[in-house]
Each structure stands twice: as C-alpha cells, then as structure tokens.
Protein chains: 2
Amino acid sequence: MDDIIYLDNAATSFPKPEEVYLAIEKTMRTQGSNPGRSGHKGAIEAGRVIFEARENISKLIEIEDPLRIAFTMNATEALNTAIKGLLKKGDHVVTTSMEHNSVLRPIKALENIGVSSTIVQCSERGELDPKKIEKAVRKNTKLIAVTHASNITGTIMPINEIGVIAKKTGVCFLVDAAQTAGSYDVKVNENNIELLAIPGHKGLLGPQGTGVLYIAEGVEVTQLKEGGTGSRSEDLLQPTFMPDKYESGTPNTLGIAGLSKGVEYILNKGIENIRDHEESLAEHFILELEKIEEVKIYGLRKRGKHAAVVSINIGDEDSAEISYILDKVYNIATRAGLHCAPLAHKTIGTFEQGTVRFSFGIFNTHEEVERVIRAIKEITSQL
Amino acid sequence: MDDIIYLDNAATSFPKPEEVYLAIEKTMRTQGSNPGRSGHKGAIEAGRVIFEARENISKLIEIEDPLRIAFTMNATEALNTAIKGLLKKGDHVVTTSMEHNSVLRPIKALENIGVSSTIVQCSERGELDPKKIEKAVRKNTKLIAVTHASNITGTIMPINEIGVIAKKTGVCFLVDAAQTAGSYDVKVNENNIELLAIPGHKGLLGPQGTGVLYIAEGVEVTQLKEGGTGSRSEDLLQPTFMPDKYESGTPNTLGIAGLSKGVEYILNKGIENIRDHEESLAEHFILELEKIEEVKIYGLRKRGKHAAVVSINIGDEDSAEISYILDKVYNIATRAGLHCAPLAHKTIGTFEQGTVRFSFGIFNTHEEVERVIRAIKEITSQL
C-alpha cells in the first residue's frame with residue numbers, strides 16, 4: 001500500500017506544488033552562487049531570485065516594502081530574533097497558554113536577564129479572551145506575543161482585537177503565523193502587527209530550511225547573529241538596515257527559490273480558496289468523528305473557528321499508539337504526543353495522554369478523509 | 001558562450017556531485033516530514049537521513065560520537081553560537097587580523113556586554129605567528145578563535161601549534177574551517193580543537209542553507225535560540241543535551257540530505273586527492289600569473305602554504321571592474337572587493353582596491369586555468 005495519506009501538514013506541508021520542486025532543482029543545478037556578494041551572473045541571478053521571494057511574501061501580508069522581510073532558517077529563528085531582540089532587562093511580555101515552545105522557551109530563557117512574563121490562561125477549548133490580554137498589560141510591558149492559531153486544536157486567536165489593544169496600550173505585537181499563513185489572511189498593517197514570524201515549509205508550501213521575519217519600520221530589534229552580509233564589508237559593525245541586519249552569512253538560496261514559488265502558487269490560487277478547501281476537509285472529518293462514540297475531539301469544532309488542525313483521542317488509548325497504528329496499518333501520517341506545546345496540552349487537559357493530530361493541507365481530498373474515518377472506526381471497534 | 005568557468009568556490013562550491021542533487025530531489029519529493037518529531041514513516045526516514053549526515057561528518061573530522069555535531073543554517077550561525085555562547089562578561093578572546101566578519105563582527109558585538117578582545121596582527125602575506133597568539137593570552141582569556149585558512153589569500157594558519165598553546169594555557173580553541181574542510185584535514189582531537197565551524201555549501205559540497213558546529217564534550221556553550229526540539233516537549237526549558245540544545249525548530253532536511261552525500265563523495269574520493277587536485281590548479285595558475293608583469297599576487301605562493309584561493313590585482317585597476325570584465329566578456333565567475341574580511345585586506349594592503357579572488361574547486365580543470373590565464377593576458381594588454 002503505497003498511497004500514503006499525509007495529515008501532518010501542521011509540521012511540514014507535503015507534497016509541494018510542482019513549481020516549487022522545479023525552482024529548487026533549477027537553482028541548485030544552475031546557480032552555485034551567493035546572492036548579494038559576488039558580482040558575476042550567477043550571483044546576480046541568485047540575488048534576483050531572493051528579491052522576488054521578498055516581493056511575493058510582501059504581497060501575501062500586504063506590505064509595501066519587500067525589504068521589511070528577512071529570511072531565517074525557520075519560524076523558530078524568526079520568533080527568537082523578535083523576542084530576544086526586542087526584550088531587554090526589566091521588560092515584561094504577555095503571551096498565552098496555547099503557545100508553541102518556540103515562543104515559550106525563548107521567553108522562559110529571558111528570565112535569566114530579568115525579563116518577566118504573564119502567560120494568559122486560555123479556555124479548555126483553546127479560546128483566548130482578549131480582555132485577559134489587556135488586563136495583563138503593565139507599565140513595563142513591551143511585547144504581546146500570540147499565535148494566530150493553535151498548532152494542537154487549530155483554534156483561531158482574536159488577533160484583530162489584540163491588535164487594537166496593542167495599539168491602544170502602545171505595546172509591540174508579535175504574531176506567530178505558523179499555522180495560518182498561506183490559508184488565512186495575515187494583514188499586518190490592518191491588525192497592528194509589528195512583528196510576524198512565518199515558517200516557509202508549512203502553509204507557504206516552500207521547503208524546510210526557510211522562515212520569514214517581518215519587522216515593521218521603527219521597531220528596534222537587535223540581531224541574534226552578526227557576520228558577513230555582503231554589505232558594508234569594510235565595517236566591523238553589523239549593518240543596521242533591513243534586511244541585511246538579520247541575514248548574516250550565506251542564505252538558503254535554493255530553499256528561498258522554492259519558497260517564492262510556493263507563495264506564488266498561493267497568490268494565484270487565492271488564500272480564500274485554499275482556506276475553503278482545507279476547512280471543508282476539517283469540517284467533514286469532524287462531522288464524521290462526532291458519530292464515533294469513543295472519539296474525543298479537542299478545541300472548537302465549528303468551521304471558521306479553527307484552522308484545519310484536528311486533535312483527538314480514542315478513549316484512554318495512548319496517542320502515540322494510535323498514531324503508530326494509523327501509520328503502520330493504514331499508511332496515514334499523523335503526529336501524536338505534545339507537539340512541542342506543553343502548556344497548550346495542560347490547557348485542554350491532555351498533558352498526560354497527548355493527542356493524535358490530523359492536519360490538512362491543500363492537496364488532501366475528501367476521499368482521504370473518508371479513508372481515515374474508516375480506519376479510525378476499524379481501530380475503535382478492535383480496541 | 002555558455003561554458004562558464006566557476007571560480008567562486010570559496011563563496012559556494014559549484015557544481016555539486018550528482019549524488020547531492022539526487023539526494024535533495026529524492027528527499028523533497030518523497031518526504032515531507034519533520035525528523036525527530038512525528039512518528040510516521042516519513043518522519044522516521046527524515047531522522048535517519050539526518051543521523052547519517054552526522055555520522056559522515058564525524059568520520060570527516062575523526063570523532064567518535066556523531067551527536068557532538070549540530071546542524072546550523074551556515075558557518076556564520078555556527079561561529080555566532082560558539083563565540084556568543086561561550087564568552088561571558090569579563091572574558092577575553094584572542095583572534096587574528098585575517099578573520100572573516102563572521103568571527104570579527106560577533107566579537108565586536110560582545111564588547112557591549114563587557115567581553116574584550118585582542119586581534120593579533122598577521123604579516124602582509126597573511127601569515128600568523130603562533131607565538132603572538134600565546135603572548136596575547138591573558139588570565140581571563142576564554143577563547144582563541146582562528147580561521148584555518150584565509151578566505152582572501154588562502155594562507156593556511158598553524159592550527160597544530162595554536163592547538164598546543166590552547167591546551168597548555170587551558171583556553172578553548174575555535175577553528176573556522178570555512179575554507180579548508182573537505183580539502184584539508186581538520187582532526188579536532190589531534191589539534192585540541194574544542195569548537196569547529198564548517199559551512200555545508202563550500203568544501204563539503206552540500207547545498208546552501210547548511211552549516212555544522214562541533215562542540216567537544218565538557219565545553220559549556222549557551223544556545224542562541226530556544227524552541228521546539230521534538231525532545232522533552234513537556235519542558236519549558238531548552239534541552240541541555242547535544243545536539244538538540246542547538247537545533248531548535250524544523251531543520252533543513254533536504255539540505256542536510258544533500259550535505260550528507262557531499263561528505264560521502266569526499267570520503268570516497270579521499271581528502272588528500274581533492275586537496276592535491278585543487279592545489280595543483282592553484283599552483284599552475286600562480287606560476288602562469290607570475291609571468292604577467294602587471295599582476296600583483298597576494299599572500300604566500302608556495303604550494304602547501306595556502307588553500308586553493310588566489311587573490312590578485314592588475315596594476316591599480318579597480319578589482320570590481322576586472323571581475324566584471326572577466327564575467328561579462330569571458331564568462332569567468334570570480335569575486336571582487338573586500339570579501340567580508342576588512343581587516344585581512346588592511347593586513348595585506350588592499351583595503352582600498354580590494355582584490356579579484358579566484359577560488360578553485362574539485363570540478364575545475366587545468367584547461368580552465370589556461371583559459372583564465374589567456375583572459376587575464378588579454379585584459380592586461382588592453383589596459
């Protein structure tokens with residue numbers, strides 16, 4: 001049985017559009033060069049490819065200036081740069097109990113230098129009450145860091161309301177769009193988002209090894225790394241301008257070339273069409289799951305309230321065991337356990353059991369949903 | 001004229017062995033998965049590919065434990081992690097005037113937190129006197145950071161002698177092997193190297209977006225970033241074990257798959273055979289250049305004293321202009337300017353003019369050297 005059903009798109013989307021593969025192949029086989037460094041044709045072409053990627057991402061998040069986009073290795077690096085670059089000794093940060101470790105661990109590490117934090121508790125369905133965010137803001141609060149959607153329940157967070165609070169209180173707003181970019185609008189200006197982190201390899205349909213950090217003009221973020229930037233080579237100090245300040249060393253040109261084509265695919269297809277397809281799959285899945293008595297579904301179930309990520313358990317069975325059977329017997333790829341978000345699992349009450357997570361992508365089909373439902377029914381009946 | 005002569009291997013090697021391309025293609029087209037996270041077949045296969053890469057690199061630098069290898073985005077990230085993770089307030093670091101900005105800029109940035117440095121002056125041919133390193137070591141010296149070979153003149157630094165000094169004085173020794181790994185032995189144990197940074201996309205023949213950091217057991221290096229590691233997901237603190245401590249977020253699986261095959265290619269071919277080929281090209285090139293009166297050659301010329309990197313100027317002509325003509329008229333890719341190493345250019349006296357850099361790789365040929373020489377003669381005669 002070779003036809004794998006891939007439902008781990010919240011980790012890395014798969015497959016990618018053919019254009020993405022072709023761009024990677026072309027870039028790696030025809031250009032060896034470092035963008036923005038040497039002046040020969042290959043290097044200039046590499047620079048062009050990377051600039052085009054900045055332009056495509058700018059269109060996606062609706063900003064004017066492509067140079068506000070810095071490329072990172074992954075969303076984790078983008079989040080670390082934003083959080084550690086902005087917060088200094090004595091600062092306070094507000095975040096939520098539904099965050100990924102890529103937000104929580106850097107914040108926790110900053111305690112060592114005297115940064116304090118408030119982790120706003122979400123409901124057991126993963127919902128965030130924006131009033132709680134506002135209440136948590138103190139005089140020394142410098143940052144509100146919130147995921148756009150939970151990577152476990154898919155619950156969509158009220159970023160518009162939080163954006164209004166951020167603006168009103170004058171606090172910088174960081175959004176982790178790991179589970180939404182590509183399927184949901186992330187309009188940074190409209191929502192007062194000043195810092196935005198996106199992985200290249202999930203909803204943006206690019207390859208692994210790519211991530212995006214958007215920094216609004218005027219926001220002071222210290223770089224994590226210094227090094228060669230191909231600019232101001234004569235200077236021992238890191239350049240202070242975007243994006244060079246945050247892009248030390250040779251970038252992942254072939255990865256970024258692929259990412260650019262992934263974003264182009266999304267722009268052509270239309271974010272709303274992708275969302276519609278993914279949400280209809282998740283809706284179909286949940287409606288069928290609800291008919292199976294032994295299945296517990298976590299988070300909000302209503303379409304439009306969550307991204308196409310569905311976490312479940314079957315009775316009290318170990319989530320890893322169920323995920324293993326799905327893979328081994330049915331060739332269905334899911335992810336079990338804590339998904340690098342321990343507080344979120346505490347929030348929804350699954351810290352011990354974990355959950356089996358099904359995350360849908362643009363290339364999944366309703367026929368696949370039905371096969372998965374049949375598999376779950378079979379497993380359930382045999383327990 | 002389509003047959004480009006690529007002589008910018010010191011920036012990024014090109015082309016790569018066919019196996020590297022095939023591994024990248026296979027990985028991206030058949031596995032979407034995050035290694036070490038989900039438990040399904042694709043994720044397990046991705047984990048296997050990455051472990052194999054660690055094993056291959058371990059063989060190359062002759063260490064026993066593949067888990068001492070952490071993957072980074074590039075050598076710059078590896079150097080930043082080593083330098084910023086090791087040095088604390090009050091510490092002192094010794095480095096040299098031939099370093100790349102990826103070493104000098106992080107050290108410079110650490111001045112802000114009270115780290116001091118001594119930059120040992122090299123000769124105008126780029127030579128480093130190890131006695132000067134020893135002299136520069138103080139009571140509070142915590143690190144000696146030295147490139148294995150200059151990225152401008154190729155000058156090979158006496159890392160064995162410095163290793164002995166490091167051991168004697170009890171100072172940690174960091175080597176930047178950006179210009180040597182893959183062509184020269186970097187035996188970390190033999191040379192008392194406790195920290196080693198290698199780009200994946202130069203001598204190791206992997207793609208861009210990959211780098212390697214080796215950390216010897218017992219050396220305390222704080223991570224630059226925290227985040228999801230797929231391990232200890234229940235914990236808000238970053239794991240403290242190698243390599244997870246330094247590998248937050250999704251790694252560049254397809255890049256690392258390619259890198260692994262690049263290193264395999266080197267192991268099969270033999271480091272000494274690769275070095276022999278590259279050195280013979282550089283030797284041939286220099287012998288022919290010496291016959292052209294207008295050409296100034298920088299650094300040591302003797303075979304064995306420098307990696308296959310040759311920097312020149314033609315009279316007082318702007319290096320960028322010469323590099324431009326080589327590319328435009330002769331389809332020869334070189335790199336001009338300061339090569340992100342301003343102090344090195346001050347050291348060899350080319351801070352104003354820069355140099356035209358020719359860097360040879362395993363796939364260059366003697367016939368190409370001859371074509372380049374003819375081009376330089378033609379340019380020179382027309383000036």
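Student: Leaving aside its neighbours within four places in sequence, which residues is A:K296 in contact with?
Tutor: A:K296 is in contact with A:I312 and A:N313. Contact means that the C-beta atoms of the two residues, placed from the backbone, lie within 7 Å. Keep in mind that this is a predicted model, where local features need pLDDT of at least 70, side-chain atom pairs count only at pLDDT 80 or more, and totals for chains, interfaces and linings use all residues. Residues are numbered from 1 along each chain as its sequence is written, while chains are lettered from A and ligands numbered from 1 in the order in which they are written.

Student: How far apart are A:K296 and A:I312 in sequence and in space?
Tutor: They sit 16 residues apart in sequence, and 5.4 Å apart in space, C-alpha to C-alpha.

Student: Which strand is A:K296 in?
Tutor: A:K296 is in β9 of chain A, residues 295-297. Strands (E, at least two residues) and helices (H or I, at least four) are DSSP runs, numbered from the N terminus.

Student: And why does A:K296 count as partly exposed?
Tutor: Because A:K296 has 17 C-beta neighbours inside 10 Å. A residue is buried if 20 or more other C-beta atoms lie within 10 Å of its own, exposed if 12 or fewer, and partly exposed in between, with C-beta atoms placed from the backbone.

Student: What sheet does β9 of chain A belong to?
Tutor: An open sheet of four strands in chain A, ordered β9-β10-β13-β12, with antiparallel pairing. Two strands pair if DSSP finds at least two bridges between them. The edge strands are β9 and β12 (335-337) of chain A, and each pairs on one side only. On average, neighbouring strands are turned by 30 degrees against each other, direction ignored. Axes here are lines fitted to C-alpha atoms, for helices over the stretch in contact, and angles run from 0 to 180 degrees between N-to-C directions.

Student: What actually pairs the strands of a sheet?
Tutor: Backbone hydrogen bonds, and the strands can be parallel or antiparallel. Here, β10 (309-314) and β13 (355-359) of chain A pair in the antiparallel sense over four bridges. For instance, A:V310 has A:F358 in β13(A) as its bridge partner.

Student: Which helix lies across β9, β10 and β13 of chain A?
Tutor: That's α8 of chain A, residues 271-289, running at about 20 degrees to β10(A).

Student: Switching to chain B: is β10 there mostly covered or uncovered?
Tutor: β10 of chain B is mostly covered, with five of its six residues buried. Three bridges join β9(B) to β10(B), and these strands run antiparallel. In that pairing, B:K296 has B:N313 as its bridge partner. With β13(B), β10(B) makes four bridges, also antiparallel, and B:I312 stands opposite B:V356.

Student: How many residues are in contact between the chains?
Tutor: 73 residues of chain B are in contact with 73 residues of chain A. On the chain B side, α4(B) gives the most, with seven residues. That side divides into 27 nonpolar, 32 polar and 14 charged residues. Ala, Val, Leu, Ile, Met, Phe, Trp, Tyr, Cys and Pro count as nonpolar, Asp, Glu, Lys and Arg as charged, and the others, Gly among them, as polar.

Student: What about α4 in chain A, why is it called largely enclosed?
Tutor: Because nine of the ten residues of α4(A), residues 101-110, are buried. Among them are A:V103, A:L104 and A:R105. What covers the buried residues includes α3, β3 and α10 of chain A.

Student: Last one: at what angle do α2 and α7 of chain A cross?
Tutor: Roughly 35 degrees, with the axes coming within 9 Å. The contact between α2(A) and α7(A) has twelve nonpolar, three polar and three charged residues.
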